[in-house]
Amino acid sequence: MANKILDINDLKREFKMGSETVRALKGVSFTVDAGEFVTIMGSSGSGKTTMLNILGCLDQPTEGKYLLDGVDVKTLSRNELAKLRNRKIGFVFQSYNLLARTSALENVELPLLYNADVPTKERKEKAMHALEAVGLAERMNHLPNQLSGGQQQRVAIARALVNEPVMILADEATGNLDTKTSYEIMALLQELNKEKGKTIVFVTHEPDIAVFSSRTVTLKDGRVIKDYKNENVKSAKDTLAALPVEKDDEPKKETA
Amino acid sequence: MNVFNLLHLAWKALLRNKIRTALTMLGIIIGVGAVITMVSIGEGSKQSIRNQLSSMGSNMITIRPSSNVTVGGGARIGSSGLRTLLVKDAIAIQDQAIFITNVSPAVSTNGQAINASLNWPTSLQGVSPAYLDIREWKLVAGITFTNDDVASASKVCLLGQTVINNIFTNGEDPIGKTIRFNKIPFKVIGVLDKKGENTFGQDQDDIILAPYTTVQKRIMAITWIQNIYAAAIDEKSSDTASKEVIEILRTNHKLKYTEDNDFTVRTQAELINTMSSTSSLLTVLLTAIAAISLLVGGIGIMNIMYVSVTERTKEIGLRMAIGARGIDILLQFLTEAILISITGGLIGVALGIAAAKLVTVFLLWPTLVTQSSVILSFVVCAVTGVFFGYYPAQKASRLDPIEALRYE
């Protein structure tokens, strides 16, 4: 039996808005095994964002159990949560969240700064490896504003990978990208999943992204309404190759 | 995160906003520079007053007659008209006081000094040979008169530099020459060293010294003396010595304990303290004004750090998401604030010292940069950084990562 990365049991999250109590999650249960590529789907108001915050250890559930790689998140202090995020989770955001006027390499080094186990000497090397893994070995010293959207998201993925987390948590990671670049990013994630065995949890509301994952969990009104294995995973690489080539879709000009 | 990483991060962050950093630093630079300059001006004037007063003889005690009785109508008689001090008072002090080394009676009068065709209005002071020791005054040529000269009231004198300049021209050697003062001939036997102006702007070199007996008998025709100068064994025992003198003179003058002193005793140390307390006050005032500008500089840091925290909310959120603890964020922003204030402080110290030098060169005011003022303003600076940087940094560290990440 595979190692359980996520083990969620009857998870509830309530917010107090004045006198009213909003129940964002009303008892969610599911598990994710190591090496899975899961998309969490749901329209706005489904509790998707709340789920993401809890999965990312940015927020804690009101009730229920959440084990991340065997660690019970609920009992942890703020600082312990920070350490957990640093070691076990790699975030990829919709808006990349790279530090402006800071080179790609330094952006990737960032999580290592907060990891006391990584000596200063090894930081640069690790960051370079991560950038190579996302195919940006040539652009290490570029600033975010000298990179295209897709490249920026690759830097963000390298940043998520650099601490060798147990899970990559992506939040609408293709939301700001055009179709072609989206497929490129999905192809990269698929590759990381298949070849490096990275567990990926991808939160999105776009169904055509979900087809690239091995499993889809659909949330609605704070509950899981569908949880199915995708028997027929589409290869993002093939889809990309099948795209009709238009002049406008030429690779973006590089600004060096 | 270690200190090196923190400094590196902070330095990068500050370089990202060069102009803003420079302007914030300017507040601290001006503040520290002002403190250093102002304190050095205050200390300089204090030092120069001290030096001038010491030039009069720092152990010197001056005794003058004063009136202890009021005549009809309540008016008191001025000291020049009093005849209460006598030579025997000076002798009594010399014989009895333990904390006094030298005593000299003194009388003085004004008149015309004449050498051949040149003449010059000056003052003639009659003293004993001990006077030169009391005033810490040296001769540059010739010899001084002796106690025998005093006993015989001989007509010898020592000339001050200003007198020489006015009645001996063309580099003529005054030693051995005879000058006249109010028609009485005096033989010049010595030349006094230059002493310059005293604190009150009087030219101390515009003087002729002669045995007090000579001046008393041959010029002024009086039996009393006008002043007594004495030297305490050192500056610290000035007070004790002055009390001793008071006791001796009261006994000598047979004053009842209900009667006031018919003389006043003033020590040089007292005068030094009075004068330096005035300039200490000046130092305090100048420093206070400068400190206000340092405070304003500190508020500038706080302001900029607040702006910076708000502006970088998203960055803070990201850092927290990828594993920064509250303390990491706090230290990061605090380091930035301290870096601004310390760098500003260093530049400020350098500029302050330079400004103090410029004040001396161009305004000719004495300045003195003390080590303590440099260390103090530097420490104040670092404390300012921590104090004004802490609150914004704490605000940053307490942000909720979820909200910070969503901040636009």
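pLDDT is the predictor's confidence in each residue, from 0 to 100. This structure is a predicted model. Chain B averages a pLDDT of 86. In chain B, 95% of the residues score at least 70.

**Confidence**
- The model as a whole scores ipTM 0.91 and pTM 0.73.
- Among the elements of chain B, α10(B) has the highest mean pLDDT, at 94.
- Helix α9 (residues 268-311) of chain B has the lowest mean among these elements, at 83.

**Overall build of chain B**
- Chain B holds 13 helices and ten strands.
- Its radius of gyration is 34 Å, while the globule rule gives 22 Å for 408 residues. The value is well over the rule, so chain B is more spread out than a compact globule.
- The C-alpha trace of chain B spans about 105 × 60 × 40 Å along its principal axes.
- Of the 408 residues in chain B, 42% are buried.
- Take the contacts in chain B between residues at least 6 apart in sequence: 83% of them join residues at least 24 apart.

**Helix α3 of chain B**
- Helix α3 covers residues 87-96 of chain B.
- Its buried residues are B:D89, B:A90 and B:I93. A residue counts as buried if 20 or more other C-beta atoms lie within 10 Å of its own.
- Seen down the axis of α3(B), these buried residues fall within an arc of 100 degrees, so they line one face of the helix.
- The face turned away from the buried side carries B:K88 and B:D95, which are exposed.

**Where chain B meets chain A**
- The contact takes 19 residues from chain A and 16 residues from chain B.
- On the chain B side, the elements that give two or more residues are α1 (3-16), α10 (313-321), α11 (326-363) and α13 (401-406).
- Which element gives the largest share of that side? It is α10(B), with five residues. This is also the element of chain B with the highest mean pLDDT.
- By type, the chain B side that touches chain A has eight nonpolar, three polar and five charged residues.

Note on methods. Residues numbered from 1 in each chain as written. Chains lettered and ligands numbered in written order. Predicted model: local features only at pLDDT ≥ 70, side-chain atom pairs only at ≥ 80, totals over all residues. Contact = placed C-beta atoms within 7 Å. Helix = DSSP H or I, 4+ residues; strand = E, 2+ residues; numbered from the N terminus. Nonpolar A, V, L, I, M, F, W, Y, C, P; charged D, E, K, R; others polar. Buried ≥ 20, exposed ≤ 12 C-beta atoms within 10 Å, placed from the backbone. Arc of directions from axis to C-beta. Rg over C-alpha atoms; globule rule 2.2 N^0.38 Å.
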